[in-house]
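User: I'd like to learn how to read the features of a multi-chain model. Could you walk me through a few of them?

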Amino acid sequence: MREQVLESLAGAPRLVEWPCGGRQVFLEPSALPAAMCRLKADGMLLEDVTVTEYAEGCEAVYHLSNPQTLDRVTLHALAATNGGGAAVFPTVSHIFQGADWHEREAMDFFPVTFTGHPTPLPLLLAPEMVDEKPLSRPVDKRSSIFTVMDYSAVVGAPSAAPLIGWEDEIPAPPPVHAIFSEGLPDAPGDFYTRHFQATGEPDRLILNMGPQHPSTHGVLRVILELDGEYIVRAEPVLGYIHRMHELMGQNRKAGQFLPNMGRVDYLHALGWNHALVLAVEQLAGIEVPERAELLRILTVELNRISSHLLWWGAYLLDLGAFTPIMYGFDDRETIMDLLQLATGSRLTYCYHRFGGVSHEPMPGFYEGVKDFIDGFDARLAMYKDLVTENIILRKRVEGVGEMDLDVCRRYGCTGPVIRGSGLAFDVRRAWPYSLYSEFDFTIPVRTEGDALARYLVRMDEMAESARIIKQVLERIPGAAGGHLHPKAPKQDFTLPKGVARGVVEAARGLVAVEVISDGGKTPYRMRLRSPCFSNLSCFAEVSRGTLLADAVSTLGSLDLVIPEIDR
Amino acid sequence: MMALADLQIPGALVRLVVALAALAAFVGVNGMLLVYLERKVAGHIQRRPGPFEVGPHGILQAVADALKLVGKQLVTPNGADWLLFWGAPVVSFMPVFLLFLPIEFGPGLYGLDVNLGLLLILAFAGLNVVALCMAGWGSNNKWALLGAARAVAQSVAYEIPLLLAVLAIAAMAGTLHLGEIVAKQGSWPWQWNVALQPVAFFIYFVCSVAETNRAPFDLPEAESELTAGFHTEYPGMGFGLFFLAEYAEMIVVSAVGATLFLGGWKGPLVDGVWWFLFKIYAWLLVMMWIRWTYPRVRFDQILNLCWKWLIPLALLNLLATFVALAVV
Amino acid sequence: MTLDFLTADAAAKALFVLYFLAILVGGIMAVAAKSLVKAMLGLIKTLFGVSGMYLLMQAPFVALMQLLIYVGAVSVLIFFAIMLTRGEEEGRPAMGKKILAVLAAAAPAARVGGLLLRHAPMPAGTPVEISLQALGQLLLTDYVLAFEAISLVLFVAMAGAVVLGFERRLSK
């Protein structure tokens with residue numbers, strides 16, 4: 001079988017249409033840069049790179065989507081791990097700059113190398129742990145890729161050459177800096193500072209912003225090279241709150257993994273809940289009753305408002321306004337009380353279940369939501385008068401951290417970030433899931449691409465979420481079914497073989513949970529695509545040449561949740 | 001004893017010593033009061049009650065804060081310059097008493113009867129920025145250094161429009177003696193200088209916020225950008241002295257502002273020291289109100305505001321004042 | 001400024017010694033300090049001493065102006081310049097250089113000192129405070145040329161600073 005597949009792939013890239021969404025292209029690793037060039041020229045955005053280790057070698061899956069035409073393409077490349085060595089892929093980080101971090105992350109966790117990667121430093125793991133490869137399995141525990149996926153479909157599949165063919169010259173990756181071959185010069189500072197210093201100009205002021213800094217909102221660290229107060233170079237250093245959720249997903253059942261989702265992004269926990277249940281329901285073919293879908297939408301949208309409110313307050317705190325966060329928390333407190341009635345918890349919600357939600361909300365929930373939503377428009381208007389129209393705020397966010405669509409595409413920015421740059425790309429409308437297609441709401445868009453645009457998009461999104469909630473409240477009394485489908489499996493059921501990917505729009509952007517199961521008790525691989533990870537990856541480019549204060553403003557406007565970046 | 005008797009200690013010296021002691025008490029009490037007031041004002045602006053635990057309505061909160069600060073270990077950071085590091089808070093706090101000396105609190109209620117009172121205050125107020133420089137440099141911390149650099153650029157820039165605005169008043173009054181400036185104003189608001197010099201008043205107010213490093217001009221300590229700016233490394237009372245000096249300077253700028261523009265201790269119906277205190281506290285409350293309402297401006301914006309708007313405006317105002325004086 | 005008690009000779013002499021020491025110690029600190037910031041602090045100390053001397057000479061306006069301009073603005077700008085320039089770490093200067101430096105410093109001191117010893121200055125009598133109005137009158141009548149020359153110099157310096165700043169920004 002393996003030989004047949006390889007033989008087929010050696011001829012040309014193969015195109016397979018899978019029911020689980022989008023076109024799947026199977027190709028040789030060496031063909032990746034050319035394919036990426038073509039897809040980039042087509043206006044595609046690199047969502048994620050999923051690397052999985054099989055008995056046959058490592059498979060790298062590149063998820064791309066076109067935020068304009070809403071096309072989706074998934075590239076599969078399988079590279080053999082020869083005799084326990086590393087699987088080798090060519091880097092595409094010079095084509096899609098967002099791939100830089102994805103590749104570094106994969107190199108941390110798997111025995112793979114991306115040849116030509118300009119800065120092959122550990123990203124999420126500590127430098128001392130670089131040889132651990134935590135997601136790599138012992139040889140006898142590896143499953144065959146053929147048990148997981150219908151790889152045999154590749155044989156005899158039509159050629160994908162028209163889709164990904166590229167005639168022009170493929171750009172070569174930039175040269176790898178000498179320190180990666182010659183070793184680090186002796187200098188004070190930690191591993192990352194020394195690398196940063198060695199790759200820059202000598203005798204500049206190197207400043208560590210974080211991991212304990214008031215405006216990085218958690219343990220994010222950004223190394224800055226300053227000229228006066230202007231930033232010459234910036235490099236985020238991640239991994240200070242890395243908890244290896246993907247490994248936890250592999251050693252517990254999918255139902256047991258559900259509570260983890262609230263810890264990935266503690267501000268929009270229900271969005272991540274939704275992504276995981278979507279993936280599992282897709283994989284196991286589980287149906288969800290209408291009432292449960294409505295409850296999901298209701299709680300997810302409430303959670304989205306509370307997340308945006310916290311961002312709003314914290315962002316203004318970054319800009320030096322101390323009071324708005326208290327007003328934001330006032331409303332957020334009400335939402336947390338309401339969600340407590342529904343889900344039983346206040347922050348790290350775990351409400352969704354495979355086939356529905358865990359229980360009906362406690363009495364008083366719907367009335368409370370109605371009261372809150374009725375008063376919320378007035379609150380939003382007050383926020384606008386009090387804060388949005390303020391001249392000092394305007395001067396701090398207008399024209400700051402400008403990101404055009406090209407930047408968003410190259411780095412894979414999604415959510416309010418891409419919507420602030422002029423594209424109405426929202427998963428709820430792009431590939432509607434749950435019952436979102438049945439509701440009347442608009443996707444707020446701004447074309448300026450600056451911090452103000454992202455700010456206004458989020459403010460409008462809160463109003464749109466409130467609109468959705470109003471419609472849900474009207475529908476819920478007459479909705480069919482209960483909170484859980486009667487045929488829903490037990491929550492600790494064993495997943496069938498296969499691959500599924502749940503994609504949702506969370507408060508910060510496109511969230512995807514990819515579940516790969518070989519039919520074992522626990523998933524074979526659990527991949528979490530975090531929007532903040534990609535949104536932050538553009539920071540180095542966007543902040544170049546700006547003032548320190550503007551960098552803080554830009555960082556805040558990306559709405560980062562550090563645990564979500566590190567996972 | 002003979003030498004002392006020869007000196008014939010004059011009344012002015014006795015007055016000076018008594019005034020310094022009284023002012024120490026005044027600064028201490030009002031500093032504590034302002035700390036409490038600031039937290040309460042912040043609380044009420046943010047729709048929360050503010051401190052409530054220590055004493056009834058939390059009135060002892062400032063005492064608790066002070067005790068905490070005093071009780072903290074004094075740590076000198078690695079590589080810091082001991083002399084500069086610990087000298088800075090002292091240099092920041094010491095001149096504060098001098099600043100109060102020429103201010104006339106009520107009829108005849110002043111520490112030092114000095115013709116150049118206004119100039120004395122302005123001269124010694126400049127020492128604060130030297131203290132910030134010492135703190136920023138001595139801390140051996142890059143954030144503190146950036147904070148000090150900002151402090152220098154900001155206070156040097158804002159000193160100019162401040163002086164120009166004050167000069168307009170001095171030219172009108174024909175004196176730098178604070179008591180005489182008050183004497184030339186009447187008891188009713190339309191007899192105050194603010195009615196004649198609204199532009200100078202506006203410039204002085206903006207500069208007073210900027211010179212005391214208060215939000216929205218609190219760039220030297222902008223905590224979301226520079227962690228805590230120049231006092232990032234200061235523990236316990238090192239920070240406490242900076243803090244107290246900041247509040248004392250707030251009182252000074254509002255006292256000078258009240259003297260120059262708001263008729264000092266004169267007020268409708270009954271003149272007296274209460275009017276002066278009332279005006280000072282009204283001024284301080286406005287400063288607090290602004291702090292808890294607005295976001296922070298950016299560093300280049302604050303300098304642009306000064307160089308491109310305030311200084312030309314102040315110059316024009318001064319010119320207009322001179323023209324008016326010459327004509328009248 | 002009423003400084004009645006200073007007319008007492010003893011107090012005046014004590015204050016003179018105090019200011020003198022401030023100037024001397026500040027000067028030595030400014031020259032001998034290893035770090036530029038400490039040298040600047042020494043300079044500030046000296047300026048305070050000089051300002052005290054003005055007070056003794058019944059010139060409080062000049063004394064306060066000294067503090068306002070030199071301590072509050074000029075020294076602080078020097079500090080700014082120190083921060084913007086990178087401190088070049090130099091080794092200890094050679095012995096010959098040190099001797100030359102001491103000689104260079106001592107030469108004017110010896111010359112002035114010698115002159116003073118030979119021709120002891122006459123006491124100028126008790127200084128009298130000149131009112132601010134009179135000072136202003138003098139500046140705009142007898143000394144108007146010097147006054148205007150200074151303003152011209154300052155104006156040129158300011159324009160130069162603006163031009164330099166623009167050039168730096170354009171080259172970026």
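This is a predicted model: local features need pLDDT of at least 70, side-chain atom pairs count only at pLDDT 80 or more; totals for chains, interfaces and linings use all residues.

User: Let's take sheets. In what order do β13, β14 and β15 of chain A lie, and is the pairing parallel or antiparallel?

Analyst: Strands of a sheet pair through backbone hydrogen bonds, either parallel or antiparallel. Helices (H or I, at least four residues) and strands (E, at least two) are DSSP runs, numbered from the N terminus, and two strands pair if DSSP finds at least two bridges between them. Here the three strands make an open, antiparallel sheet in the order β13-β14-β15 (chain A). At its edges are β13 (498–506) and β15 (525–529) of chain A, each of which pairs on one side only. From one strand to the next, the twist averages 10°. Angles run from 0 to 180 degrees between N-to-C directions, with axes as lines fitted to C-alpha atoms, for helices over the stretch in contact.

User: And which helix packs on that sheet?

Analyst: That's α10 (residues 269–284) of chain A, which touches β13 and β14 of chain A; its direction makes about 150° with that of β13(A). Contact means that the C-beta atoms of two residues, placed from the backbone, lie within 7 Å. Back in the sheet, β14 (residues 509–517) of chain A and β15(A) pair over five bridges, and Ala512(A) sits opposite Arg529(A) in β15(A).

User: What about β8, β9 and β10 of chain A?

Analyst: They form another open antiparallel sheet, ordered β8-β9-β10. Both β8 (205–209) and β10 (230–237) of chain A have a single partner strand, so one side of each is left without a neighbour in the sheet. Ignoring direction, neighbouring strands are turned by 20° against each other on average. Five bridges link β8(A) with β9 (residues 221–227) of chain A; in one of them, Leu207(A) is partnered by Leu224(A).

User: Now a helix. Why is α11(B) called largely enclosed?

Analyst: Count its buried residues: a residue is buried if 20 or more other C-beta atoms lie within 10 Å of its own, exposed if 12 or fewer, and partly exposed in between, with C-beta atoms placed from the backbone. Eleven of the 14 residues of α11(B) are buried, so the rest of the structure largely encloses this helix. Among them are Phe201(B), Tyr204(B) and Glu211(B). The cover includes α8, α10 (193–196), α13 (236–261), α14 (273–291) and α15 (299–327) of chain B. Just past the helix, Asn213(B) has a positive phi of about 55°.

User: Which residues touch the most other members of the largest nonpolar core?

Analyst: Ala148(B) and Tyr204(B), out of 293 residues. A nonpolar core is a set of buried Ala, Val, Leu, Ile, Met, Phe, Trp, Tyr and Cys residues joined through C-beta atoms within 7 Å. Beyond four places in sequence, the contacts of Tyr204(B) include Leu162(B), Gly257(B) and Phe261(B).

User: Last one: how many residues of chain B are in contact with chain C?

Analyst: 29 residues of chain B meet 23 of chain C. On the chain B side, α8(B) gives the largest share, six residues. As for chain C itself, it has six helices and zero strands, and buried residues make up 15% of its 172 residues.

Terms used: Residues are numbered from 1 along each chain as its sequence is written. Chains are lettered from A and ligands numbered from 1 in the order in which they are written.
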